[in-house]
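Here's a quick briefing to read with the model open beside you.

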Amino acid sequence: MTVRWAVEVEDFSWRYQQAREFALRDVNLKIPEGSFTLVVGPNESGKTTLMLAIKGLIPHSLPGTLRGTVRVFGQPVEHTSAPVLAKRVGYVFGDPEAQFTALTVEEEILFGLENIGVPEEEIGERIRWASELTMVADLLDKPPYDISGGQKQRVAIASVLAMRPDILILDEPTSMIDPLGKDQVVQICAELKATGSMTIIVVEHNVEAFAHLADQVVLVYRGQVVRVAPPREFFEDLEFLAQHDVSPPQVTTLFALLRERGLYNGALPLTDDEGIAAGWQLLAGEGS
Ligand SMILES: Nc1ncnc2c1ncn2[C@@H]1O[C@H](COP(=O)(O)OP(=O)(O)OP(=O)(O)O)[C@@H](O)[C@H]1O
Ligand SMILES: [Mg+2]
């Protein structure tokens, strides 16, 4: 079966107009349709810039110097109109309030739908689907500024999801919210992944929560994509990660260290549950 690429970034470089240095240099990256990609990297490394290039805000809304190409479903973003891109790629910023404009949660979700010209008769169903999936269905008549941080983040996700984008980008979706809120965002991502119909890209420092969902992990470092690998492979090389300021999930680090000392030789766990299972197996093996 041939892979259909949701995103193809080819020899892409970008310099913001006011900047002296290029924010991204010679980036190459391919993202398969329907996959889940986790993007990691230290602050200011260019993660958001790369997402803006996929969303098309670079170069459509931001001035600067561009080299190379970004294609979304085969079409160069540079030559795709903003309304077409708006439907294809949904982008949720880390700070949910920055994108609120309406007086109620329902209007907030509705706003995007009207903007992209969704027919009247589809609107109710879309609001229902997006608000149920993001667990905000009981908040529809509340003002979006009068709800908790986690709820705000979920409303922001709902308003983008309702537009049914082919690609959903969440840029640090848990950076501003409490642990329960984080779990709920992870749950939404897991459900969306299970539907298999959307290509999902999550930028996160908090890799613990998202690593197990990822098909591939991308490391952006000082304006370049320096590694792309499936999560178990990605988080194996502790030295490389430390050199690039990335912290693997704690449980992965623990088992990688056990393995280095010859105490463990299985696959590295990515979640606490996997770690607990591997730990019990290790004990059972020792006893026999
Ligand atoms: N509008 C802009 N104009 C000029 N320079 C910018 C602009 N936006 C970002 N930059 C610069 O581009 C570089 C990459 O920034 P970017 O926001 O993409 O990094 P990031 O990896 O998303 O960081 P963070 O983890 O802090 O969100 C930084 O040096 C930043 O200062
Ligand atoms: Mg960023």
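How many bridges join strand β1 to β2, and which way do the two run? Six bridges do the joining, and the strands run antiparallel. Keep in mind that this is a predicted model. There are two open sheets to look at: one has six strands with mixed pairing, and the other has four with antiparallel pairing.

**The four-stranded sheet**

- Reading across this open sheet, you get the order β2-β1-β4-β5.
- Its edges are β2 and β5, with β5 covering 75–76, and each of them pairs on one side only.
- β1 takes in residues 5–16, while β2 is made of residues 24–32.
- Helix α1 lies across β1, β2 and β4 (64–72), and its run makes about 120° with β1.

**The six-stranded sheet**

- Here the strand order is β6-β7-β8-β3-β9-β10, again in an open sheet.
- β6 and β10 (224–229) are the edge strands, each pairing on one side only.
- From one strand to the next, the twist averages 20°.
- α1 packs on this sheet too, touching β3 (36–40), β6, β7, β8 and β9 (216–221). The direction of α1 makes about 155° with that of β7.
- α7 also packs on the sheet, with β3, β7 and β8 as the strands it touches. Its direction makes about 155° with that of β8.

**A closer look at β7**

- Strand β7 spans residues 167–171, and five of its five residues are buried.
- Which residues of β7 are on which side? Ile 167, Ile 169 and Asp 171 are on one side, Leu 168 and Leu 170 are on the other, and both faces are covered.
- Towards β6 (residues 89–92), β7 has four bridges, and the two strands run parallel. Tyr 91 is the residue that stands opposite Ile 169 on this side of the pairing.
- To get from β7 to β8, the chain goes through helix α7 (residues 179–195), making a right-handed β-α-β crossover.

**Around ligand 1**

- Part of the shell around ligand 1 is a stretch of the chain that includes Asn 43, Glu 44, Ser 45, Gly 46, Lys 47, Thr 48 and Thr 49.
- Other residues around the ligand include Tyr 16, Gln 18, Ala 19, Ala 23 and Gly 41.
- Which element gives the most to this shell? That's helix α1 (residues 47–55), with three residues.
- Sorted by class, the shell has seven polar, three nonpolar and two charged residues.

- The peptide bond from Ile 58 to Pro 59 is cis, with omega near 5°. You'll find Pro 59 in helix α2 (residues 57–60).
- Asp 26 isn't a glycine, yet it has a positive phi of about 50°. This residue belongs to strand β2.
- Is Asp 26 buried or partly exposed? It's partly exposed, because 14 other C-beta atoms lie within 10 Å, and a buried residue would need 20 or more.
- Met 135 is another non-glycine with a positive phi, this one of about 60°. Look for it in the loop between α5 (120–133) and α6 (149–161).
- With 15 other C-beta atoms within 10 Å, Met 135 counts as partly exposed.

**One more stop: Ala 209**

- Ala 209 is part of helix α8 (residues 207–210).
- Why does Ala 209 count as buried? Because it has 21 other C-beta atoms within 10 Å, and the cut-off is 20 or more.
- Setting aside its neighbours within four places in sequence, Ala 209 is in contact with Thr 174, Lys 182 and Val 186.
- Ala 98 is 111 residues from Ala 209 in sequence, and the two are 24 Å apart in space, C-alpha to C-alpha.

Terms used. Residues are numbered from 1 along each chain as its sequence is written. Chains are lettered from A and ligands numbered from 1 in the order in which they are written. This is a predicted model: local features need pLDDT of at least 70, side-chain atom pairs count only at pLDDT 80 or more; totals for chains, interfaces and linings use all residues. A residue is near a molecule or strand if its C-beta atom, placed from the backbone, lies within 6 Å of it. Ala, Val, Leu, Ile, Met, Phe, Trp, Tyr, Cys and Pro count as nonpolar, Asp, Glu, Lys and Arg as charged, and the others, Gly among them, as polar. A residue is buried if 20 or more other C-beta atoms lie within 10 Å of its own, exposed if 12 or fewer, and partly exposed in between; C-beta atoms are placed from the backbone. Two strands pair if DSSP finds at least two bridges between them. A crossover is right-handed if, with the strands pointing away from the viewer, the path from the first strand over the helix to the second runs clockwise. Axes are lines fitted to C-alpha atoms, for helices over the stretch in contact, and angles run from 0 to 180 degrees between N-to-C directions. Two residues are in contact if their C-beta atoms, placed from the backbone, lie within 7 Å.
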